[in-house]
Each structure stands twice: as structure tokens, then as C-alpha cells.
Amino acid sequence: MDPANSAAFPGQFARSRRFSLGVPRHFTVSPDGSRVLFVRTASGTDPVGRLWQYEDGTEQLVADPALLVGAGTGPVPEEERLLRERARERSVGVVSYATDDAARLVAFALSGALWAVRTDGGVPFSVPAAGPVVDPRPSPDGRHIAYVSRRSFHVVDLNGADRQLARAEGPEVSYGLAEYVAAESMHRLRGYWWAPDSRHVLVARVDTGPVERRYLSDPADPTKRPQAIPYPAAGTPNAEVTLQLLSLEGERVDVDWDRKAYEYLVDAGWDAHGPFLAVQSRDQRIVRTLAVDPVTGATEVLHERTDPAWVELIDGTPARTASGALVLPEDDGDTRYLTVGGRRVTPEGLQLCAVLGVEGERVLFTASEDPLETHVWCHEPGHGSRRLSRGPGRYTGVGRGGTVVLAGVTPRGNEVGVIRGTEAGRGRSTGAESGSAGEAGSAGEVTYEPLASLAEEPSVTPRPLHLTLGERQLHGALFLPSWHREGAGKLPVLLDPYGGPAMQVVGRARGWFTCVSQWFAEQGFAVLVVDGRGTPNRGPAWEKAIHGDQLTPALEDQVDALRAAGARFGDLDLTRVAIRGWSFGGFLAAAAVLHHPDIFHAAVAGAPPTDQRLYDTHWKERFLGHPEEQPENYVRSSLIGHGHLLRRPLLLVHGLADDNVAAAHTLRFSAELLAAGKPHSVLPLPGATHLPAGDAVNEQLLHFQRDFLLDALARRVDEG
């Protein structure tokens, strides 16, 4: 590899926002399948999202923020900023949108202003609103737009007639917004759902009064007031979440369920069979699907899932087909099945990942046969469950009207395409065919049309060696320098894991993380990445092996994989081993040098959750239980209390505006290390959240970590 390409990578990585800019995303397909709406920036370094429509093989620009008079000039409402943060949104401009059922009217917010556009070639127009607008969504018939402003719920007609259907009774109450744990830990970013008749809305009311407050300040600017945020730490009260059925005429009906037993609102919806919701118990061992009477608000149990550890929440469920059949996951043995109407429709060993949509009796979903890949599948009565995406990669998608949009991260990078035709809607049998979705070719009535990705091509090309390591058959990837020749010399080893729930980093796909691992390899490391116990898509037993202990199994797997790789590759120098990671990966990195200093000789820990009791209720109690009932789980899974064990160089990095893993995790742990006389380094990032923003910061972070690790391992050699 050209050294200049390696040198250019950190700047490119930062400017491209982890190579996310320029990639088509947020797809909507029209009912007849003829049109596809999506968001894309103008290039791989342009951060401004624009709304596009694809039809008849051509792309049409629907909304460009740069051309809208007065757009993007005001401050972003705090609620919208938080939604972007929860969604890990890295662009500006049109970052999200919603449409009516016909995909003819589109609504979106720009810096708090409400905009709409018709997809028949019309010009975007502003819609008068009562205040800063958050999460606007048109009614199914396209006659109204619902939105949230100052925590109150509004519906506005296109002629500007505005109705406040629910007013926030105080600063701790909001209507139509998702609470913290819903957005951060349940992946529910919505707080209201339109009825098919466009005359009623199911709206969540959130009262954060019982929730503990945390205060985020900016030490770099002592003149700024601290920001108070409600944060339900493990073992403390959650927000009180209720639901109301609101009519455009002002009628209000409370939805009634046993909130004391089921305090979590997992998801909700409203289809032709009426409103429905999923609720979960505080210990997360029971999830109920409830039907709601739209007249009285009374609920009826349609289904109940239980698990002795926790019930895993699957995006897109519950759902219902046109006939009313419930679409749900089911765990049995070591397989997570898709069920429709109480019947399993996927085979043993195929792990359900998410439900992408239901149209008629057809269900579009993602699943993994192989943990290294995720594919889009379609189930339809009479045709079974068949795979649509082909070739290696991790895919998602959306489908309607016989058209399916496949968005994949493949070994070549981001690839997006539109499949049209009968077979696209019904799915195609799996087989030995090779190639990406874009190479599926044409068969019968099927056509494939690529959507252009304008993302930058990474200057570093990942060269992973996929490995199966140790007794537990751990999936790993080894990245070696492009200039290294076997037997030419020993390489220091860098472990680069995430290693925690809800995320895989090992796969047959060129994601941003594989590019970063290869860049570290070009700096002279042999980089090993491993997905251990607790990571998804390898079966329920694998995921739940960390129940009660989030540290020991995850760290054991990193150690076992390292030893197995060292035994297989003689050029790996196990006397010089470093580890780096962010969030859960940062937690693993710090734990590695604390508990295994004989194996790990230096670590960089970014945003590490060092004290598990400081993390949120839904996420942490899922794995460790309630801290008052099972305090030992929190002790064994925390770094706090073990600082005296540190014997190796450790760099702690943390954003001081992080409202997910609070900076207190690092600051308290650093204080403990200092009190124990343990030298270490701390790099604070003023103004940075859980994912640091700013091109300069992200570029220099890579350099800083590299230099710290190389220096630490060099000093180890010097010290003998």
C-alpha cells in the first residue's frame, strides 16, 4: 500500500464522517413500487442531506436545503438534537422525513421550521407551525401534518390551521416524543402513530418527574449554564409513560394497561385492525403484545413472550399482516425464529435480526445463516421464506408494491439497488450463486437498478483474514500490514474489539471499522478483531451467556482468541500486545490491562462505562438485573474498585458532553487510579458527545491513539 494513502486516511475518515456521507439511506417506496424516495448528501464530504426521488431509472432532486429561502438559519430545537444524537446522525440538512401513505406528500424539519413538498414535481413550501418543529409526520391521507413543538403535540392542515391536541402540563412532561431509554436502549425513536383514518392519533405522554437529573456542563466555557437532563440510572425510577388516543376534534381516551407490572412501552402502531402496543416488565423477562380498543382504551393480551434471562427486543415487532396474523420473534433452543400467526416460518439455524415491513401477507425481514453475513429475506404464504440479497455482506432494505430496495455493506463498500418485479416481491431461493445484490442479474420479470453511492473510496483497503479461533469457534479477523511478508519479523499485536451486545464488527463487509483496523495495521500492528459471547446473530444462548456477568465471558473470549491466533501465526509477537476500543470496547480495553497485565501491555479506552450502576435502567438491568437485588453482578462487571490492579499504560478518552456514558465514568475511575498511585493518562474532549464530532478531533484521535500505543510498547521493549 502506498504510504501516502495511509497518511491521508485519518483526515479522510474524519471529513467523510466515517464514510457515511454520500451514501443513499432512509428509503420509502411508493405503494405501486414505481418510486423510491431517499436521502443522500451531494458528495462523500458534503454533510448536507438532500431528498431525492428515483423513478424510471432517473434521480430527481426533491428538496435541497441550500435552495430553500430561510431554511437552516435558526437553532436546532433541543428535542431534535437529542433525536439525532440517539440515531447517531452525522449529517445536517434533510436528515429524516416522513410521507403520507401514497408517498406523495413529504414533511421534514429544518432548524425547527416545518417544510413539505409534493413528489409530483412541486416546489418545497413552508408550513406555518406554532413553534420549533420536531418529528413531523403527514397523516395517511396527506391532508394534515402532526408534529411536536415545545413538548406539546400539534396537527396542522396544509392551509396553516393548527390544532394543539395535547399541551405539556409542565417542563417535565412531553407528548409525542420517545423517552431516553426508548430511544437509546429500545431503538424506539417515535412517540406517536397515526390511525389509518387520518382522524385519530395514538400519542405517548412522558413524565420525567420521577427521573434523576444529571447536569452536563462545558468546562471549556464556564459562562455556559449546565444543562439538566433526565437520566434513569440502573435501579432508579424510570419516566412514567402513558398512551392516549387523540382525535382531531379534541376527544381524548386514555389507554389502559397494567403499568405497574409493565412499565416499559416497547413499541406501538395502528393498522386496519386497530391500535396495538408491546409492553415489557421492569425485569425484562415478559413482553406482552396488546390490542387496544380505540373507543374505550381498554387493552387485550394478544401474545406473551417470556425468558428466564431477558426477552430480546426485535426491531419491527410486533406487527400484523392484512389478515391480522401477528408477526413476532420466538426463541427456542439456539434459534430465533420468525413467526406469523403463531407458526414458525423460518428454519432452525436462521437467526431473525429484524422485521423490515409487512405488506398484505408478505413479511420482509433480515436474518443471518452465518454470523458473518446478514441478508434480506421475504416470507409469503405459498412461497415460504426466501432470500433476496446475494453475495457476502450485511444488508437491510424496504419493500412495497413488488419493489425492494436493498442497502448493503459488502466487501466492496456500500451498495444500494432497487429490485423490481414479481420475484422481488416474493423472494428468491437461496443457493450457491455468487456476487452482490447488484449482480443478481435478471430472471423473468426481475430487474436490478443500482442507486449511486457518492461516498468516498477509502484510501486504505482492508485486507482481513477471517478466522475461527479457539474451542468456542470465535469469529475473528486478522489485519496485517500490506507491506509485511511472512517470516520477515515479529509484529506487535493490537486487539480492536467492540465485543458487546447489539453490535458485530467481524463480517464479510467493508465497514468503517474494518478500514480503521487496516489503518492501524499499516502503522505496524497485527490487528485482531473478535466477536465473542454476548454479540448478536449467533443464537439466543450465545447472546445470553453474559447474563449476570458482562465482563468475564467477553474478556475470556478476547484472551482465548489472541492465544489461538498467536499459535497459528508465528509473526504475532505476544510479548507486545495492546488493546483499544470505544464504549463497550473501551470497557473491555481497560479491563484487559487491569485483569490480565501478563497478556495485555497497553490500552486505550474511549468512553468506557467503568461503573455499571451509572448506566441506564433498561440497558443495564437487562444483563445484570436490579442493582439492589443483584449487587454482586454490578461489582463483578465494573472497573470501579479494581483500579489498584493497574500495572500497564492506560489512556482514557472521554467526551465531556456525553449523555450516554457520562464523563463521570472516566473521571471517577481516574480519581481511583490516582489515589492508588497508578500512573495513567486522560484525554478529555470538551463539547464531545458519545460519538465525538468535528473533523479535526476525529482525525487527531487516530494519531493520538497510535502514538500512545507505539510509545507504550516501545517502552516495554526498552524495559526488558
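Is Arg-18 buried or exposed? Arg-18 counts as buried, because its relative accessibility is 17% and the cut-off for buried is under 20%. This holds for a predicted model.

**Backbone turns**

Arg-18 lies in the loop between helix H1 and strand S1 (25-29). Its phi is near 65°, a positive value in a residue other than glycine. Most residues other than glycine have a negative phi, and most peptide bonds are trans. Ser-198 also has a positive phi, of about 60°, and is not a glycine. Ser-198 sits in the loop between strand S15 (192-194) and strand S16 (200-207). Ser-198 is buried, because its relative accessible area is 0%. Gly-524, which follows helix H5, has a positive phi near 115°.

From Thr-317 to Pro-318 the bond is cis, and omega is near 0°. Pro-318 belongs to the loop between strand S24 (299-306) and strand S25 (319-320).

**Aromatic rings**

A pair of aromatic rings is described by the distance of the centres and the angle of the planes. The structure has 15 aromatic pairs. Phe-9 and Phe-13 make a stacked pair, with 5.7 Å between centres and 25° between planes. Both residues lie in helix H1 (residues 3-15), four residues apart, or about one turn of the helix. An α-helix has 3.6 residues a turn, so residues three or four places apart point the same way. Phe-9 is buried, with a relative accessible area of 0%. Phe-13 counts as buried at 7% relative accessibility.

Tyr-180 and Tyr-231 form a tilted pair: 5.0 Å centre to centre, with 55° between the planes. This pair links distant parts of the chain, 51 residues apart. Tyr-180 is in helix H3 (residues 180-185), while Tyr-231 is in the loop between strand S18 (227-230) and strand S19 (240-247). Both tyrosines are buried.

The table lists two cases.

| Charged residue | Ring | Distance to ring centre |
|---|---|---|
| Arg-40 | Trp-52 | 4.7 Å |
| Arg-538 | Trp-542 | 3.9 Å |

In the Arg-40 case, the charged end sits over the ring of Trp-52. Arg-538 lies over the face of Trp-542.

**Two covered helices**

How many of the twelve residues of H8 are buried? Eleven of them are, and H8 is mostly covered. Among the buried residues are Phe-584, Gly-585, Phe-587 and Leu-594. The cover includes helix H7 (552-568), strand S41 (572-582), strand S42 (602-606), strand S43 (650-655) and helix H11 (664-675). The span of helix H8 (residues 584-595) also checks out. At 1.5 Å a residue, its twelve residues should span 16 Å, and the end C-alpha atoms are 16 Å apart, which agrees.

Helix H5 (residues 512-522) is mostly covered too, with nine of its eleven residues buried. Its buried residues include Thr-514, Cys-515, Trp-519, Phe-520 and Glu-522.

**Cysteines**

A disulfide is a covalent bond between the sulfur atoms of two cysteines. The structure holds zero disulfides. Cys-353 is in no disulfide, and the nearest cysteine sulfur, that of Cys-378, is 16 Å away. Cys-353 is buried, with a relative accessible area of 18%. Cys-515, in H5, is buried with a relative accessible area of 2%.

**Two residues and their contacts**

Asn-698 is in helix H12 (residues 695-718). Asn-698 is buried, because its relative accessible area is 14%. Its side chain reaches the backbone oxygen of Pro-692 at 2.9 Å. Leaving aside neighbours within four places in sequence, Asn-698 is in contact with Ala-14, Pro-692 and Ala-693.

Ala-63 is found in strand S4 (residues 58-63). Ala-63 is buried, with a relative accessible area of 1%. Which residues does Ala-63 touch, not counting residues up to four places away in sequence? They are Arg-50, Leu-51, Phe-108 and Pro-124. The C-alpha atoms of Ala-63 and Thr-119 are separated by 9.6 Å, and the two residues are 56 residues apart along the chain.

Key:
Residues numbered from 1 in each chain as written. Predicted model: local features only at pLDDT ≥ 70, side-chain atom pairs only at ≥ 80, totals over all residues. Heavy atoms only, no water. Phe/Tyr/Trp six-rings, centres within 6.5 Å; stacked < 30°, edge-to-face > 60°. Buried < 20%, exposed > 50% of the residue type's maximum accessible area, 1.4 Å probe, protein only. Lys NZ or Arg CZ within 6 Å of the ring centre and 35° of its normal. Expected span 1.5 Å × (residues − 1). Contact = heavy atoms within 4.5 Å. Polar contact = N/O pair within 3.5 Å; in protein donor to acceptor, adjacent residues only side chain to side chain. Disulfide = S-S within 2.5 Å.
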